[in-house]
Amino acid sequence: MSSRLSIPLVASNDCHYLDQQDVRAHDVLLCIQTGKTVHDSQRLKFSTDQLYFKSKAEMHSFFKAYPEALSNTVDIAARCHLEFDFQTYHFPRFDTGADQSADELFEKDARAGFQRILQRLKKNNADLDEALYNQRLDYEIGVIKKMGFAGYFLIVADFIRYAKRKGVPVGPGRGSAAGSLVAYSLGITDLDPIVHGLIFERFLNPARKSMPDIDVDFCIEGREDIYKYVAQKYGGGDYVAQIITFGKLKTRAVIRDVGRALDIPLREVDAIAKMVPDVLNISLDAALKQEHHLAELVETDPQVAELIQICRVLEGLPRHASTHAAGVVISDRPLVDYLPLYRGKKGEVVTQFDMKIVEKIGLVKFDFLGLRNLTVIAKTLTLIARQDKQPPDLENIDLADSATYRLLAAGDTTGVFQLESSGMKDLLVRLKPESFDDVIALVALYRPGPMESGMIDDYVARKHGKKAVKYLVPELETILKETYGVIVYQEQVMKIAGALASYSMAEADDLRKAMGKKITEIMTRHRERFVQGATENQIPVDKATQIFDLIEKFGGYGFNKSHSAAYALIAYQTAYLKAHFPLEFMASLLTSEMHSTDGVVKFIAECRHHDIAILPPDINSGEQEFTVSGSKICFGLVAVKNVGESAIEAIVEALGDQRFVSLFDFCERVDLKKVNKRVIESLIKCGAFDCTGEKRSRMMAALESALDYGQRVQRERNDPQMGLFDMGDSRPSINLPELPQIDEWDAKQYLSFEKEALGFYLSGHPLTRYEAILDKFTNANAISIKELADGGAVRIGGLVQNVKIIKTRKGDQMGFVTIEDRHGSVEVVVFARVFAVTRDLLVEDVPILVQGHLQKDEQSVKILADELIPVEKAEETWAASVHFNLEITRTDRETLTRLRDILQRHPGTCPAFIHLRSTDNTDCLISLPDAFKLKASGLLTREINDFLGYRAVETRCATVSATAAANGNGRNGRKGRAMYG
């Protein structure tokens, strides 16, 4: 071609990987990307092993007959020159009009906004130090203008104003921006930084120019509208783009992907992946060092050795590209002048550089985050208004509301932002917050560092006076008083450095950053600087050193108070709504989770806990979402399976202002092309037609005739010939069918159909009769189990829902069982030994109790079963002792003799105790001899209670960890992660 066209020849080598020995890893990567295995003969495959980066010598060897080709390649390379500018910021242009600059408009808006909030601040605090606020405002405006960030603030304030005009809920702040009075004045944040002791330099350090970073939370349903507004305002896809994110082949993920490509059985790959220690960002090499069993497998099993060898090559490579959930970049010039772009799956414009590189080349990034809780708050306020109640003004909420603090102190925080985990609930009960400062501290403290360091225990003990609050020097009291002398926030570290060692806030921010990164060299310099500054302020050297040691130890765990305060406000708002408007709040939570069965089940359980009745769906409500009716919550139609939005729209259109009075009336009026048989079946089964007063069984039996009737009526109504003879009688001429007079379904069938239509039980639950046993003998449910530690002992109860039986490599049978309780479902792995003795229990809808050990990873939670028993056997299996509470005035010699005779008929292993209780509530405890050890059972309880005529028997169970240890099947801990079989 070169000779024929008289153009120079260029030498190149197609390059897909660096080293020739990586050819096998590249082949496997192709399989991962195409969803094939190496054994698939039809898959994409290269026929050469030469697609690696060849050396200069190799290229000369290959093209020695064409030396000019190599020269031409070098010439082309010399012409290629690309330089990235890492020094310049490319701020988008904000249209300020022709008569003013961005700096002028920024200052004008900031000062006008401050005057608006000042009126509110004075209303709440007549003694407000206005001079302090004005001084802070002047300082911040000066810093922002000097750093060239005025336009940035104008842009953020503009799209937040747009969101509020459109009724899209916006969060009160996020991250360190809440420390800015200017941000508060412009409406970017909703927190007074001075009242809450927040520091501007934590947000913008005037001594170190770096990009401001204001992340904004929006209601999930409105986020897309805000993005479209910004894109349209600043030049469309040429100037505005979302940011790419790369899914990496991380350690566990790469093992699973490579294992699938090599066609290794899934359960074996899964077991190998789970041997990787659950440590953040752990590498494969580190995992091999820490987990000897994994290293042993690599040494002894050639298949595993090849798997790990390929994983080492592929680990950390991008697996796929997707659009970042929040990141948006806005440019002053077409983005292609700075970086490459591509089209996302939905046609969106996306950068090809990730977030870190986008920031490095000076482009301005904004984070538009969708926060479900803001949607919940907005819907709650709407429901309150629909009940003709006055919605609270959450921007001016009473932060000292006693009902809200009672709810928090009781740990009644399911559905409350940031405060609903079981560990947080325990902390709330221990701490018993009494002020907004306590809520801010809770958000900051409930993290691994403070929990492991003992800071939380220290904080709680000091708050309740169980531990004295002491300050090494008096100057610390004003800074640490709000947290009982414990250093909780990064801002406290900065204030300590400023007050004691005369640091400027910019210097103090450098100390804060160095402390977080634990850079020894920088910390040594700061130690010298701090001690010198403190001694100059008349603080003894030993005290200064002690204080620096203290902030070095606990300051590293310090949290950003600005972020904590902003999120504590959302937490407080949701707690306030739950305390004062529980019906509307719970209905909004249910709506927010209506496409998630697990989420709906969780919040229905919470409603039951609060005695809030949930009415079944109702065809006459016409409501897609969950709503409130009196003292009850009405189920949303959209949460019914098989009922889509188009079907609901057709029902609402037919409903108008006239109720459906029967199934036949419904079929006569709705568009049966959109509301088909499958839709109506689901509506009957879930109870949506109960409002007609007919039994579900009868309506299901008559459905075919009802549909036929409805279709004939609609045909007759739409027939133009029939219209010629219309005499004004709107009634159809077709005879109305009759419902068959059959009995309602039995309770089991009734609930089963309800679950089929909704995904869960609504009007009742098969486990209701076992609630007392489950409360007594379990330590987790399908929700709380996710918060237990990996490898921990667990006992849970539920109905068997699905059983998958496989054979191990030894030929034994084992099972994967799904059990479901009132909160959701969880998978149980039943190994061969346990499966052999319990398989008769593993029948659908049979209630069982499972005891075992938890196995967690980033994607799932499983129980490795040690023991499975019927629920009815809990007392006799796990009771640790039996107690008889006897009323002393009704107990004589004959009673004790009869009691002895009954006890002798129930020998067992549980120690027995008699409690003789007098009228003044004193209790005499008698421990019975070993000869009276008992078998705890329902029969024993009934016999004793029937004989005495009152409830006297109480069994107490052993802790789950103790019994689990005794019943272990040899598969707990890391060994439980080995190959099944």
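Reader: Is glycine 415 buried or exposed?
Author: This is a predicted model, where local features need pLDDT of at least 70, side-chain atom pairs count only at pLDDT 80 or more, and totals for chains, interfaces and linings use all residues. Residues are numbered from 1 along each chain as its sequence is written, and side-chain values use heavy atoms, with hydrogens and water left out. Buried means under 20% relative accessible area, exposed over 50%, and partly exposed in between (1.4 Å probe, protein chains only). Glycine 415 has 2% relative accessibility, so it counts as buried.

Reader: Which residues is glycine 415 in contact with, leaving aside its neighbours within four places in sequence?
Author: Glycine 415 sits in the loop between α17 (402–409) and α18 (422–431); helices (H or I, at least four residues) and strands (E, at least two) are DSSP runs, numbered from the N terminus. Contact means heavy atoms within 4.5 Å. With neighbours within four places in sequence set aside, the partners of glycine 415 are Asn373, Glu420, Phe585, Leu589 and Phe603.

Reader: How far apart in space are glycine 415 and lysine 602?
Author: In sequence, glycine 415 and lysine 602 are 187 residues apart. Going C-alpha to C-alpha, the distance between them in space is 9.5 Å.

Reader: Which residues touch the most other members of the largest nonpolar core?
Author: A nonpolar core is a set of buried Ala, Val, Leu, Ile, Met, Phe, Trp, Tyr and Cys residues joined through side-chain atoms within 4.5 Å. The largest one here has 191 residues. The members touching the most others are Phe153, Phe159, Phe666 and Ile680.

Reader: What does a second, separate core include?
Author: That core has 30 residues. Among its members are Ile255, Val269, Ile272 and Ile282.

Reader: Why do α10 and α11 count as roughly antiparallel?
Author: Helix α10 (residues 251–261) and helix α11 (residues 266–273) have axes 9 Å apart; axes are lines fitted to C-alpha atoms, for helices over the stretch in contact, and angles run from 0 to 180 degrees between N-to-C directions. Angles under 35 degrees count as roughly parallel, over 145 as roughly antiparallel, 65 to 115 as roughly perpendicular and the rest as oblique. The two helices pack at about 160°, so α10 and α11 are roughly antiparallel.

Reader: Which residues of α10 and α11 make the contact?
Author: From α11 come Val269, Asp270, Ile272 and Ala273. The α10 side supplies Arg252, Ile255, Arg256 and Gly259.
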